[in-house]
Amino acid sequence: MNVAANPAKAITAFSFATPAVVGMVDEGSGTITVNVPYGTNVTSLTPTITHTGASVSPGSGVVRDFTNPVTYTVTAADNSTKDYIVTVNVAANPAKAITAFSFASPAATGTVNEATYTIAINVPYGTDVTSLKPTIAFTGASISPGSGVARDFTSPVIYTVTAADNSTKDYTVTVNAAANPAKAITAFSFATPAVVGTVDEGSGTITVNVPHGTNVTSLTPTITHTGASISPNSGVARDFTNPVTYTVTAVDNSTKSYSVTVNVASNPAKAITAFSFAAPAVVGTVNEATYTIAINVPYGTDVTSLTPTIAFTGASLSPNSGVAQNFSSPVTYTVTAADNTTQNYVVTVTAAANPAPATPQHLTADRADGQVVLNWDTVTGATYYSVYLSVVQGMFTEPASATVTGATYNMSGLTNGTTYYFIVKAGNSGGLSAASNEAIATPAAAPSAPTHVTAIAGNGQATISFMPPTDNGGYAITQYEVTASSGGIVQNGASSPITVTGLTNGVSYTFTVKAINQVGSSPASAASNAVTPTSSDGGGTNGSSDNSENNSSNDDDNNKKPIASMADILLNHRVVEAGARTTVDRDNAILRIIGDRAKLENRLAEEEQGTIITYQANSSFDRVIAEMDGQWVKSMAKKQAVITLKTDQATYVLPAQQINIEALARQFGESIALQDLKLKIEIHTRAAVNTINEAVSKGMFTLLAPPVEFIIQATYGDAAIQVSKFDTFMEHWIAVPDNVNPSAVTTAVVVESDGNLRNVPLQVILEENRHYAKASSLTSGIFAIVSHSAEFNDVGSHWAEQAINDMGARMIVMGTGDNAFEPDRKVTRAEFAAILVRGLGLPLERGAAPFSDISPAAWFNNVVYTAYTYRLLTGFEDGAFHPADPITREQAMIMLSRAMTLTGLKAKLPGLSADKALLPYTDAVAVSNWALDGIADSIQAGVMQGKSGGKLAPQDFLTRAEAATIMQRLLKLSDLI
């Protein structure tokens with residue numbers, strides 16, 4: 001029997017040893033599925049096959065490529081076959097690891113810990129962790145959150161990696177911000193000296209350059225750094241003689257060292273500090289702003305070869321000091337400093353124009369008859385001398401009175417008895433020098449001989465009458481000397497007639513007379529008629545008429561008798577009947593008005609205070625005298641009466657209280673009854689004054705009417721006292737002649753007792769259809785109304801033109817030469833004092849001003865002394881006056897306030913407080929406390945006004961224009977002009 005061959009042909013097992021996997025045999029479908037791990041190389045796998053057949057092909061243990069399914073055929077023993085399709089499936093990737101985690105900005109890489117599934121990443125200090133974008137490398141199929149997606153890492157962030165096989169793994173990412181590593185010095189400086197260092201971060205060095213001369217042994221730096229600390233500290237003084245190391249420690253404890261080197265600069269000084277010549281001895285002016293040197297050398301200097309002496313601060317100078325140079329053109333000098341920097345200086349030498357000569361010295365004036373001989377020291381370089389003459393001290397105007405070439409000059413044609421003032425200026429092509437000292441001389445001569453000598457014989461005597469000399473030689477006649485023709489008899493007397501005694505009766509005599517003044521004796525007069533003295537029983541004597549005033553009681557004297565109709569006395573403009581009696585001296589044209597005191601006092605008792613008592617001449621006389629006794633003067637003073645003496649040509653107004661009659665009585669040296677004291681008020685319209693005539697001849701002014709003398713005299717017996725000074729302004733009225741235009745009257749001048757002239761305030765007034773010039777003065781004296789022209793060529797269209805010309809015409813302000821006024825120039829304190837004194841017409845006081853910086857020889861000494869005497873000014877606490885300093889508006893207002901007291905203007909003010917007076921001014925705070933009251937007075941009176949913008953400007957300097965304007969206001973508001 002044949003047993004059939006085994007038909008079995010099944011694969012019962014299919015596996016790989018590497019990787020160790022077993023396939024799944026699906027007998028029904030004849031398939032085998034083998035799953036191998038991810039990453040298995042299926043191109044070369046060696047299966048182990050178990051089957052039931054006789055064989056299998058490919059065989060077991062044969063390497064095959066399982067990239068695609070492989071068919072295995074099993075052949076049974078009966079040769080039947082069965083195919084199996086073997087498919088090898090590679091498992092999906094199970095990887096799910098984060099392999100790298102980093103940031104690009106900032107550039108940082110994390111550390112992955114696979115054991116703990118954590119990632120730590122350190123970022124620099126200051127990194128903003130709220131929005132960081134990671135770059136993530138991972139092995140999974142996906143990661144969440146994704147790579148490149150910004151996240152807030154303020155807290156740890158979990159990243160989940162999903163493998164290809166869908167398995168997952170979580171990683172916790174922690175971002176750590178590093179501690180601050182900053183450790184840089186960002187600034188390094190010194191306050192003293194003020195310098196800033198240069199930090200080189202690359203080399204870790206700091207260089208600080210300090211000026212030449214800096215003491216580096218103790219410098220205190222100010223350091224700015226980014227670290228946690230620095231050593232040595234900022235603000236700690238160190239010795240920088242050698243480099244100093246500063247170490248900055250960061251917050252992360254890292255450190256950085258800096259080496260600080262302080263370099264002391266080379267000396268940069270390169271200035272010329274002094275430039276001079278020894279011959280000529282001159283010093284240049286160095287202008288550091290323009291780097292120029294100006295040096296002025298005298299006229300005639302040879303500038304082509306000058307050797308300078310130069311002081312400088314640099315290392316070197318070119319050209320050198322001590323090397324002659326040609327300075328015809330500017331020369332450039334270069335100073336090189338120790339630090340090699342240079343500075344050029346341009347030196348310009350200017351040769352002076354031919355200079356005006358020096359001031360003539362030691363001017364002397366020697367008087368002679370009608371002339372003065374002037375001598376002065378010769379001035380080197382002078383080619384001529386200008387000689388100036390004036391009859392007013394300190395007032396000299398161009399042109400010069402004479403121009404001479406020598407140092408002596410005989411000024412002739414002068415009036416004896418007039419005091420003249422002289423100065424000399426030296427001149428050449430360069431101009432005129434300053435004025436010399438002022439010399440004073442009064443030409444004089446012995447008088448001329450008396451004339452019309454007549455003799456009348458008596459008993460052993462003769463009475464000699466004569467006319468005084470026509471020329472007194474310039475000085476008053478002090479006595480006369482009568483000489484008899486025989487017997488050597490000489491008799492002296494004060495005036496004609498003179499009685500010569502000791503004559504022999506029966507002898508014929510003639511007589512000559514000499515006039516004597518302080519210069520000498522005149523020639524003898526022509527001889528008188530011959531007379532023979534005889535005894536009383538020898539036929540009597542020749543008679544003579546006596547026309548003197550003392551015979552007014554002799555009714556037989558036709559030249560002197562009471563004439564009641566020639567004058568009146570009025571109380572408040574009403575005639576007091578029979579209140580006046582008059583006496584007349586017709587030979588001398590004198591009218592005397594004498595009041596009846598009893599009648600006048602009875603009428604005065606009926607009047608109110610302030611009665612006006614007028615002594616009025618109703619006829620024309622050269623001299624009118626109001627005579628009253630002391631008791632009547634006292635009665636008038638108690639009534640505050642005003643005494644007025646009125647003539648056809650002039651009026652004198654005198655407040656009775658200005659006459660201290662009791663004080664006058666005491667001056668006579670004994671206790672006297674007031675009714676025995678006489679007060680005489682006189683107007684003399686024929687006062688001839690040489691000084692005024694001389695001033696007219698010199699062109700100083702034009703005389704518009706004959707001078708009038710106003711006199712007040714107290715007498716007791718033969719003694720007399722002149723009353724010439726008062727505490728308030730007296731009114732002196734002079735009629736303007738009908739042929740004179742009233743507008744031509746500009747001022748009045750007064751003749752001082754020494755012959756000097758001074759101007760006084762004047763006002764032209766129309767009263768009863770006649771113009772009068774009212775001159776106001778604190779003194780009596782000889783007054784003349786004049787016209788003076790003063791128009792300056794530099795004040796046209798100036799805001800103060802009218803005031804300047806007005807004050808110039810009144811001789812209160814003066815020009816500065818060449819017909820100029822310079823209205824905007826500052827006024828000095830001495831000049832303003834002079835303007836005040838001239839403006840108020842104050843009599844010039846002689847004496848040394850009580851200030852340490854004023855010489856008695858200074859031109860302003862007398863005016864400052866006068867202003868001080870009248871309490872218009874004071875000095876400074878140091879005892880000085882500072883006369884040459886410009887005066888401030890504030891200082892001027894103080895002087896004005898004091899002047900207002902003198903003029904009576906201050907008494908009329910409303911009396912506002914200083915605060916209220918200053919209220920309108922925006923700069924009132926600039927007023928000095930000591931000046932408040934005086935400034936308030938000036939403002940309230942309207943004498944001083946503010947400037948634009950509501951400002952008072954108290955500390956501004958006063959200009960000449962302002963001085964003229966406020967002087968004019970003061971006089972107008974005081975009713976003086």
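The dialogue that follows discusses how to read helices, salt bridges, a histidine and a cavity in a predicted model.

Trainee: What should I know before I read the model?

Mentor: This is a predicted model, in which local features need pLDDT of at least 70 and side-chain atom pairs count only at pLDDT 80 or more, while totals for chains, interfaces and linings use all residues. Residues are numbered from 1 along each chain as its sequence is written, and side-chain values use heavy atoms, with hydrogens and water left out.

Trainee: Which residues of helix α2 are buried?

Mentor: Buried means under 20% relative accessible area, exposed means over 50%, and partly exposed lies in between (1.4 Å probe, protein chains only). Helices (H or I, at least four residues) and strands (E, at least two) are DSSP runs, numbered from the N terminus. In α2 (residues 630-638), the buried residues are Gly630, Trp632, Val633, Ser635, Met636 and Ala637. They pack against several elements, including α1 (597-605), β52 (623-629) and α3 (661-667); contact here means heavy atoms within 4.5 Å.

Trainee: What is found at the start of α2 and just after it?

Mentor: At the start, a side-chain oxygen of Asp629 reaches to within 3.1 Å of the backbone nitrogen of Gln631. Just after α2, Gln640 takes a positive phi of about 55 degrees.

Trainee: How many residues of helix α5 are buried?

Mentor: Seven of the nine residues of α5 (residues 801-809) are buried, and the helix is mostly covered. Among the buried residues are Ile804, Asn805 and Met807. The cover includes β60 (747-751) and α11 (960-973). Just after α5, Met811 takes a positive phi of about 60 degrees.

Trainee: How many salt bridges does the structure hold?

Mentor: Side chains of opposite charge can pair when their charged atoms come close. A salt bridge is a side-chain nitrogen of Lys or Arg within 4 Å of a carboxyl oxygen of Asp or Glu. The structure holds 20 of them. In one, Glu752 pairs with Arg758, and the closest N and O atoms are 2.7 Å apart. Glu752 is buried, at 19% relative accessible area, and Arg758 is buried at 8%. There is also a network of salt bridges linking Arg889, Lys947, Asp956 and Glu962.

Trainee: Which parts of the chain does the pair of Lys906 and Asp937 link?

Mentor: The side chains of Lys906 and Asp937 meet in a salt bridge (3.2 Å, N to O). This pair links distant parts of the chain, 31 residues apart: Lys906 lies in the loop between α8 (889-903) and α9 (914-918), and Asp937 in helix α10 (residues 932-941). Lys906 is partly exposed, with a relative accessible area of 35%, whereas Asp937 counts as buried at 12%.

Trainee: Is His798 buried or exposed?

Mentor: His798 counts as buried because its relative accessibility is 15%. Its place is in the loop between β64 (781-787) and α5. Leaving aside neighbours within four places in sequence, His798 is in contact with Pro823, Asp824 and Ala961.

Trainee: What is the volume of the largest cavity?

Mentor: Rolling a probe the size of a water molecule over the atoms shows where empty space is left. On a 1 Å grid over the protein atoms alone, a cavity is a set of points where a 1.4 Å probe fits but cannot get out, and lining residues have an atom within 4 Å of a point. Grid points are joined across faces, edges and corners, and a volume is the space filled by probe spheres set on the points. The largest cavity has a volume of about 40 Å³. Its lining includes Thr747, Arg810 and Leu971.

Key:
A polar contact is a pair of N or O atoms within 3.5 Å; within protein, one must be able to donate a hydrogen and the other to accept it, and residues adjacent in sequence count only if both atoms are side-chain atoms. On a 1 Å grid over the protein atoms alone, a cavity is a set of points where a 1.4 Å probe fits but cannot get out, and a pocket is an open set with protein on both sides within 12 Å along at least five of seven lines; lining residues have an atom within 4 Å of a point.
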